[in-house]
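The sequence and structure come first, and the comments follow.

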Amino acid sequence: MKDSYIAAKERWARKMAGQQRREIRSSDRLPPGQRLVTDFPTLDLGIQPEVPLDRWTLSIHGKVETPVTLTWSQFQGLEQFEDVSDFHCVTTWSQFDMRFAGVAFLTLADLVRPLPAASHVYFKSYDGYTTNNALDVMMDDDVMVAHSWNGAPLAKEHGGPARVIVPKLYAWKGAKWVKEIIFLDRDLLGFWELRGYSNSADPFKEERFA
Ligand SMILES: Nc1nc2c(c(=O)[nH]1)N[C@H]1C(S)=C(S)[C@@H](COP(=O)(O)O)O[C@H]1N2
Ligand SMILES: [Mo]
């Protein structure tokens, strides 16, 4: 964990310096069973919560040394990160070259300092959605809480004010309208993970269902 965390931070620092080229995960950039789209479809539970910026907070707590509840301006005050990644939805559409901006997960982790016991991360959203990831999956150089897409504030239908982006996994692993990030010492399945979807969710291994 420690070594891979340092390696991810080094890659992230090179990205911040504009020197990192994107790693290529497969000779075929489109994962198996996916088709390419260019219109950024929306997918949610049918509720698109309206969260005014002056009432928005992001709480990061659980197995951490210094839990925080960030206001919008505090979140904006953190070191900003922009990255280009591909987006894969389990319903078989993918979109390439998504330019998201926000705060790197590594920056949030440095802020709250996960305890050695922390092994998983659980997300709660303003629409009641939940999802979960292993901590080592989150501690990657391309994972972020995004507030912008292609240079504009993230639209409400895409999870604005802020959503989680985990590019290497199917998109349901990234919580739109994220409200809480909870570090845990065990795994806890989220909304789709409890309903038969894969817990590991790697699109290149076609891990769609459990
Ligand atoms: N809060 C919340 N986050 C969510 C969802 C949701 O219903 N609620 N749907 C997930 C699913 S299944 C996908 S494919 C992506 C879709 O993101 P998009 O609507 O911006 O394309 O968001 C994920 N995050
Ligand atoms: Mo999805």
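1. Which side chain meets that of K168 in a salt bridge? The partner is D142, with 2.8 Å from N to O, where a salt bridge is a side-chain nitrogen of Lys or Arg within 4 Å of a carboxyl oxygen of Asp or Glu. Because K168 lies in the loop between strand 10 (163-165) and strand 11 (178-184), and D142 in the loop between helix 4 and strand 8, the pair ties together parts that are 26 residues apart in sequence. Both K168 and D142 are buried, the term meaning under 20% relative accessible area, with exposed meaning over 50% and partly exposed in between (1.4 Å probe, protein chains only).

2. On conventions, this is a predicted model, in which local features need pLDDT of at least 70 and side-chain atom pairs count only at pLDDT 80 or more, while totals for chains, interfaces and linings use all residues. Residues are numbered from 1 along each chain as its sequence is written, chains are lettered from A and ligands numbered from 1 in the order in which they are written, and side-chain values use heavy atoms, with hydrogens and water left out. Helices (H or I, at least four residues) and strands (E, at least two) are DSSP runs, numbered from the N terminus.

3. The salt-bridge count comes to 17. One of these joins the side chains of D140 and R11, at 2.8 Å from N to O; since D140 sits in the loop between helix 4 (135-138) and strand 8 (144-149) and R11 in helix 1 (residues 2-16), this pair ties together parts that are 129 residues apart in sequence. D140 is buried, at 14% relative accessible area, whereas R11 is partly exposed, at 22%. Both belong to a network of salt bridges that links R11, K15, D83, D140, D141, D142 and K168.

4. A further salt bridge is formed by E193 and K173, whose closest N and O atoms are 2.9 Å apart. E193 lies in the segment after strand 11 and K173 in the loop between strand 10 and strand 11, so the pair ties together parts that are 20 residues apart in sequence. E193 counts as buried at 6% relative accessibility, and K173 counts as buried at 0%.

5. Strand 2 (residues 57-62) and strand 3 (residues 68-71) run antiparallel and are joined by four bridges, pairing being assigned if DSSP finds at least two bridges between two strands. The two strands form a hairpin with five residues between them, and S59 has T69 in strand 3 as its bridge partner.

6. Helix 3 is mostly covered, six of its eight residues being buried, namely F105, L106, T107, L108, A109 and V112. F105 has a relative accessible area of 2% and, leaving aside neighbours within four places in sequence, is in contact (heavy atoms within 4.5 Å) with V121, L135, M138, M139, V143, M144, I181 and F183. Just after helix 3, R113 takes a positive phi of about 55 degrees.

7. H147, found in strand 8, is buried, with a relative accessible area of 11%. The side chain of H147 makes polar contacts with the side chains of Q80, at 2.6 Å, and S148, at 2.8 Å; a polar contact is a pair of N or O atoms within 3.5 Å, where within protein one must be able to donate a hydrogen and the other to accept it, and residues adjacent in sequence count only if both atoms are side-chain atoms. Not counting residues up to four places away in sequence, the residues that H147 touches include W72, F75, A101 and P161.
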